[in-house]
Amino acid sequence: MASVKRGRMNKTILYWRRTDVTGLERLEIDVAPDAVIARGSVICLEGGGFRLDHHWRLTSGWRTMELRVERWNAAGHAVLHLERSRDGWTVDGMWRPDLDGAEEPDLSVTPFCNTLPIRRTESSLTLDTAFVDGATLMVGRSRQRYDRLEADRLRYVDLGLSAGFEAELKVDDMGLVLRYEHLFERVVP
């Protein structure tokens, strides 16, 4: 992980590799006193292969306000835009009442989204998410739980769309994933 301080902003650049299929991600995180911005690019062979760029705008407390996703695959180019609105989310500008109360987006192709609930997990946290399938850009409500095993280890349990899936997550001191059992591992270029 590379970390650079510029003025009052702290920039972190990191990489993850998929362990279940061929894929790689580069993520830049800019932490400022009033906001967190994250930008990532994923190249993956899942679902016939795709490139996916994701851009997150978070509060200083690491709560998502907006997520923009662009995907290129054999079918062409697609864009998805989620934005927090009151107690729910709009998807491409349309109110989605089925996502009311969902606390965070969960973008399937990056472990970055796990950081958001991990940073709030003291012992155990159960939450609903606006799950985004990176290969298809379909959005649905899902439920998940995080159990803290140690300061740097958590157990993820899917209680929603992939019910029964569990994985151990190893994290750094910022709550960013180092290893996500079965799916991702941090790599150094």
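1. **Ground rules.** Residues are numbered from 1 along each chain as its sequence is written, and side-chain values use heavy atoms, with hydrogens and water left out. In this predicted model, local features need pLDDT of at least 70 and side-chain atom pairs count only at pLDDT 80 or more, while totals for chains, interfaces and linings use all residues.

2. **The largest pocket.** Its volume is about 360 Å³. A pocket here is an open set of points on a 1 Å grid over the protein atoms alone, where a 1.4 Å probe fits, with protein on both sides within 12 Å along at least five of seven lines. Grid points are joined across faces, edges and corners, and the volume is the space filled by probe spheres set on the points. The lining has 20 residues; a lining residue has an atom within 4 Å of a point. Ser108, Phe131, Ser162, Tyr180 and Leu183 lie nearest the centre. Strand S10 (104-107) and strand S13 (153-158) are the elements that give two or more residues to this lining. Strands (E, at least two residues) and helices (H or I, at least four) are DSSP runs, numbered from the N terminus.

3. **What lines the pocket.** Nine lining residues are nonpolar, five are polar and six are charged. Ala, Val, Leu, Ile, Met, Phe, Trp, Tyr, Cys and Pro count as nonpolar; Asp, Glu, Lys and Arg count as charged; the others, Gly among them, count as polar.

4. **Aromatic pairs.** How many aromatic pairs does a search of the whole structure find? There are seven. Rings of Phe, Tyr and Trp (its six-membered ring) pair if their centres lie within 6.5 Å; planes under 30 degrees apart are stacked, over 60 edge-to-face, and the rest tilted. Take Trp56 and Phe112: their ring centres are 5.4 Å apart and their planes stand at 70°, so the pair is edge-to-face. This pair links distant parts of the chain, with Trp56 in strand S5 (residues 50-59) and Phe112 in helix H1 (residues 112-118), 56 residues apart. Both Trp56 and Phe112 are buried, meaning under 20% relative accessible area; exposed is over 50%, and partly exposed is in between (1.4 Å probe, protein chains only).

5. Tyr146 sits in strand S12 (residues 139-150) and Tyr156 in strand S13, ten residues apart. Tyr146 is buried at 0% relative accessibility. Tyr156 is buried at 3%.

6. **Arginines over rings.** Arg51 lies over the face of Trp72, 4.4 Å from the ring centre. Arg86 lies over the face of Trp95, at 4.5 Å. The test is that NZ of Lys or CZ of Arg is within 6 Å of the ring centre and within 35 degrees of the ring normal. Trp95 belongs to strand S9 (residues 94-96) and is partly exposed, at 32%.

7. **Salt bridges.** The structure holds 26 of them. Each is a side-chain nitrogen of Lys or Arg within 4 Å of a carboxyl oxygen of Asp or Glu. Arg17 and Glu185 meet at 2.5 Å, N to O. Arg17 is in strand S2 (residues 9-18) and Glu185 in strand S16 (residues 184-187), 168 residues apart. Arg17 is partly exposed at 35%, and Glu185 is partly exposed at 26%.

8. Arg120 pairs with Glu104 at 3.6 Å, N to O. Arg120 lies in the loop between H1 and strand S11 (124-132), Glu104 in strand S10, 16 residues apart. Arg120 is partly exposed at 25%, whereas Glu104 is buried at 1%. Shared partners join Glu150, Arg153, Arg155, Glu168, Arg179 and Glu181 into one salt-bridge network.

9. **Positive phi angles.** Most residues other than glycine have a negative phi. Trp62 is not a glycine, yet its phi is positive, about 65°. Trp62 lies in the loop between S5 and strand S6 (64-73) and is buried at 5%. His182 also has a positive phi, about 80°. His182 is in the loop between strand S15 (177-180) and S16, and is partly exposed at 45%.
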